[in-house]
Amino acid sequence: MTANYASTLRNIFQAIAPHSSESDVEKKIIAPLLQILGYSHTDWEPQAIVGKSKLDFLVLPPSSAIPYAPYLVIEAKAANKNIDHNVWQINKYMRQTSAILGLLTNGYQFRLLYNYNQKPTVILDYYQNEFIENFQSFNKILCKQTCLQVYQELYQNEQQLRFKFINSISQLFADEENLKLFAKGNNSHNESKKDFASATKLEKASLITESKKERQAMIITVFNNKGGVGKTTTTINLAAALNKLGKRVLLVDIDAQANLTTGLGIEPFEDVEQQGKKDISHLLTEPRTSLEDVIIHKSWDDVELDIVPSHIRLSFMETTLINTLDIDRVLAKKLKKSRDQYDYILIDPPPSFGKANTISLMASSGVLIPTQLSPYPIRALEYVMKRAIAVDESKDEPLPILGIAVSMYNRAATKVALSMTQQIFDVISKNPESKNVDLFPQDTWIPNLTIISSTPNKGYPICFAEFDKELSSKDKETAQDAFNCYMKLAKHLISVTKKKE
């Protein structure tokens, strides 16, 4: 980038301070930036009406070939605003307008998104210094010249498609006169021209680098015998976050309360029993019932999960399970046959030390322990780790404790958190066999927010809250905040499991 651009950008950035309002960011940052990118004031529409909301900037040069969706939409926030909480908002505007690119900024952080197949995806995330250093590349993407080139490509491809369509109509009705009306304007088009969209698509599948043969799912039991620590909610949203990161995930609900099942919008009676489908109880007790026979596939926007549902009948089957031949290894054997189809299999057992819990641990290749930073859940950790270690000693393959994940964390109670984390370290140090167990870092701790506990009642992972029309903008910001923490938890888990493998 030229020194002139760098100097200009620094001068622009100096025009705002941490207390600057959203209006300041719009006038002092975004408008000058658009001018640097080659746009004039006639190329954008401020405060554009989108649905029932107002979008800060809609960029669509009138000199484009024909009226298309906007090339760029921009959402500004006040300088002290955490833009992590407003990704849902720019996502909504991009979907509603079908904009190609979206920019979310508070003047200090610049997040650029690309909209492929109505799935906005973050492609760049810069703070001011990085933005200045990389402005040449940024300019190539966002400048008016690129915008017009993209529209020209779209226009030519559309014209080609329209000509092919009228050609088909002419052949269908054996009327070549129709075709002659349009043939002249089509001669200049190159039929082999590469489609712009297919050359730049961002697909989640590209994140999956392992082939099916190479993939061997990490089977993890999310385990704590103490109820009320957010075990099932953590399992649901961790699975969604892993899938957002390109991982194929299977969830197994082996708890008779079926909270995971209902938390993902599956009613055991209406959606399973009345439909003649099978659940975890059949998978465990019927030798000929395979994993494929019980899986239910669910999707929420770009999140896709496979689920083995549970049923209340499992609570009456303790004697049946005990009397079933080699029951402790049944789930392990059935999961093994499909292990190459997933990256992660998460098992949600009951908060107890019963037979279902043993079955879960025997099938697993790792244990994740969720806990709350309060005395009773922390006291339970010692028993949970002892149980996992005992099962590990009876397995052919090792069963490592992957770590302790904190849920329902009160961000305001820093002194309490410090005291409770020390108690966790004391519990870990009591047993030599658990001395290598780690407490996951603080940025992965899931905050104690009402929205987290309420979304399972709605039947979706919290990342889908942005599509819930019943929620307020404040609720959606809070949901985004919470899911950002689940994403950090998922990334940390991936790094931990890679080391264990």
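The following legends describe close-up views of a predicted model of one protein chain.

**Figure 1. Overview of the protein chain.** The chain of 501 residues has 50% of them counted as buried. Its secondary structure comprises 20 helices and 13 strands. Among contacts with a separation of 6 or more, 72% involve residues 24 or more positions apart.

Figure 2. The strands follow the order β1-β2-β3-β4-β5-β6, and their pairing is mixed. At the edges lie β1 (44-50) and β6 (119-127), each of which pairs on one side only. On average, neighbouring strands of this sheet are turned by 30° against each other, direction ignored. Helix α2 (residues 22-36) packs on the sheet and touches β1, β2 (53-59), β3 (72-76), β4 and β5. The direction of helix α2 makes about 150° with that of β3.

Figure 3. Six bridges connect β1 and β2, which pair in the antiparallel sense. One of the residues bridged here is Val50, whose partner in β2 is Ser53. The two strands form a hairpin with two residues between them, and Gly51 in the turn has a positive phi of about 65°. β2 also pairs with β3 in the antiparallel sense, over three bridges; here Val59 has Leu72 of β3 as its bridge partner. Because five of its seven residues are buried, β2 is largely enclosed by the rest of the structure.

**Figure 4. The antiparallel pair of β4 and β5.** Strand β4 (residues 101-105) and strand β5 (residues 109-116) run antiparallel and are joined by five bridges. Leu103 has Leu112 in β5 as its bridge partner. In a regular strand, side chains alternate between the two faces of the sheet.

Figure 5. Tyr5, Phe13, Phe110, Phe131, Phe135 and Phe138 form one aromatic cluster. The count of aromatic pairs comes to 13. One of them joins Tyr5 and Phe135 edge-to-face, at 5.4 Å centre to centre with 65° between the planes. Tyr5 counts as partly exposed, at 28% relative accessibility, whereas Phe135 counts as buried, at 0%. A tilted pair is formed by Phe13 and Phe110, at 5.6 Å centre to centre with 45° between the planes. Phe13 is buried, at 7% relative accessibility, and Phe110 is buried with a relative accessible area of 1%.

**Figure 6. The charged end of Arg248 over the ring of Tyr342****.** This charged end of Arg248 sits 5.1 Å from the centre of the Tyr342 ring.

**Figure 7. Thr232 and its contacts****.** Thr232 is part of helix α9 (residues 231-244). With a relative accessibility of 14%, Thr232 counts as buried, because buried means under 20%. Leaving aside residues up to four places away in sequence, Thr232 touches Asn259, Leu260 and Asp348.

Definitions and conventions:
Residues are numbered from 1 along each chain as its sequence is written. This is a predicted model: local features need pLDDT of at least 70, side-chain atom pairs count only at pLDDT 80 or more; totals for chains, interfaces and linings use all residues. Side-chain values use heavy atoms; hydrogens and water are left out. Two strands pair if DSSP finds at least two bridges between them. Helices (H or I, at least four residues) and strands (E, at least two) are DSSP runs, numbered from the N terminus. Axes are lines fitted to C-alpha atoms, for helices over the stretch in contact, and angles run from 0 to 180 degrees between N-to-C directions. Contact means heavy atoms within 4.5 Å. Buried means under 20% relative accessible area, exposed over 50%, partly exposed in between (1.4 Å probe, protein chains only). Rings of Phe, Tyr and Trp (its six-membered ring) pair if their centres lie within 6.5 Å; planes under 30 degrees apart count as stacked, over 60 as edge-to-face and the rest as tilted. A charge sits over a ring if NZ of Lys or CZ of Arg is within 6 Å of the ring centre and within 35 degrees of the ring normal.
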